[in-house]
Amino acid sequence: MPKSSVSRVFGKRSQHHTIILASGDNIRHWTVRPWLLGMSASFLAVMSIGYLLATTYLVVRDDLIGASMARQARIQHAYEDRIASLRSQVDRITSRQLLDQQQIDNKMTQLLAHQARISSRHGKLDQLFKQVAIADLKLSDIPVPTARPITQASSPASLPATNAAALENAETVQHRARLENTQMPQTSLSYASPNALTRDNAGKMFDEVLTSLEAIEQEQFDKVQSMIFNANQTAETITNILSDSGLPTDADAGIGGPFVSPVDHEGFETSLDELGSALDRLDSAKSLARKMPVANPVPNRPVSSRYGRRRDPFLNRIAHHSGIDFKTAYGEPVLATGSGTVTTAGRKGGYGKMIEIDHGNGITTRFAHLSRIYVSVGTPVASGFTIGAAGSTGRSTGPHLHYEVRLNDRAVNPQRFLSAGRKLQPLL
């Protein structure tokens, strides 16, 4: 083996290296030049750096990819949550709109039901109005069904004055609410949207109309009940007056029945029937009273001789006077005291010229000592009809009217009929 592996040329260090491998007798050697060694070292360095860079890139890339995927997953979950939230809000709004629409439909149905009931009552009320007019009761006692105006705070527009116009306006509001309910808000999903405000106004408007109609129906019911009571009371009063006067009556003995709440609309219809019955009863009582001889044959004339025992002006002894004598002037008009039919019109003994009127139920009246007779047998007369003129014919001492009331052809005291007439006058 040489002394030195580095040879010198001309005093300089050799520019190559020798690699010697010895194994027993086998010796191998290689000469490595510096540039080759440098290139090898550079290559190894480059490869090492490349490996390190590649490894670093792969590690960093996996982290980046994982982070990106995680971020995308978070974004996706956020979008899905947002979409779920929006769908939930849409479902709630849709449900609210359906509920509002159902409420509006229900209120519209109630309005139409009110209109149908009021329309169905029109015919009955019209007939009752005629009976009320005949009975001299005020038509204003029954309120006309009109809608009350809605205040500006509850609705931007006021309701019309009639039910038909009010219901047309309600139908317009319902149609407008339906159209607005089908439009989704474009900006944001919120329960305080203009549509919600419109629905609230529409609901308030329907509530105002329903409340108004219910109040009117309640007032109608109260008025009808009051008129039923008044008509029955008047009829009963007339019947009692006639009964106290000894006149036969065929009116009902009493009235009554359970109270029916106005909430039950069938109760209102029943009350209309009851009012019709009460008015019929009142009309019957008045017709019966008008037939009875309760009026004065010569109004504002004094009585000169009363019914009962008196001294006879011709025989000057006690006798029974079967009627009442009214002091009258000669030729003064004599009026029928009740409606009926003339059964006698002519001279009859001591009565002189006499008229007899049959009022039915066994009741007749006689008007004696007349100077003139203006009716004939069979003539129908009404209370207050002029039938003749006062005079002094027959057994009479001077001009006067002899007036009799007979029940089943038996003379009774006319004074109680005249007293009943004074009580009945404001009722007929």
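Me: What makes β3 and β4 a hairpin, and which residue in the turn has a positive phi?

Reply: There are 2 residues between β3 and β4, and glycine 24 in the turn has a positive phi of about 70°. The strands, residues 17-23 and 26-32, run antiparallel. Strands here are DSSP runs of E, at least two residues, while helices are runs of H or I, at least four, all numbered from the N terminus. Before we go on: this is a predicted model, with residues numbered from 1 along each chain as its sequence is written. Local features need pLDDT of at least 70 and side-chain atom pairs 80 or more, totals for chains, interfaces and linings use all residues, and side-chain values use heavy atoms, without hydrogens or water.

Me: How do you know that β3 and β4 pair?

Reply: Pairing takes at least two DSSP bridges between two strands. β3 and β4 have 7 bridges, so they count as paired.

Me: Why is alanine 231 called buried?

Reply: Buried means under 20% relative accessible area, exposed means over 50%, and partly exposed is in between (1.4 Å probe, protein chains only). Alanine 231 has 1%, so it's buried. The residue sits in helix α3, residues 194-244. Leaving aside neighbours within four places in sequence, alanine 231 is in contact (heavy atoms within 4.5 Å) with Ala278, Leu279 and Leu282.

Me: What makes a set of residues a nonpolar core?

Reply: The members are buried Ala, Val, Leu, Ile, Met, Phe, Trp, Tyr and Cys residues joined through side-chain atoms within 4.5 Å. The largest core has 47 residues, and Leu242, Val334, Ile355, Ile357, Phe367 and Ile387 touch the most other members. Apart from it lies another core of 8 residues, including Leu111 and Phe206. In soluble globular proteins, nonpolar side chains tend to be buried together.

Me: Where is confidence lowest and where is it highest in the protein chain?

Reply: The score is pLDDT, the predictor's confidence in each residue, from 0 to 100. Helix α2 (residues 163-181) is lowest at a mean of 46, and strand β9 (residues 333-335) is highest at 96. Residues 1-11 are below 50, and pLDDT stays under 50 over residues 138-192 too. The protein chain averages 76, with 74% of the residues scoring at least 70. Where pLDDT is low, the predicted coordinates should not be read in detail.

Me: How many helices and strands does the protein chain have, and what share of the residues is buried?

Reply: The protein chain has 5 helices and 16 strands. Of the 428 residues, 34% are buried.
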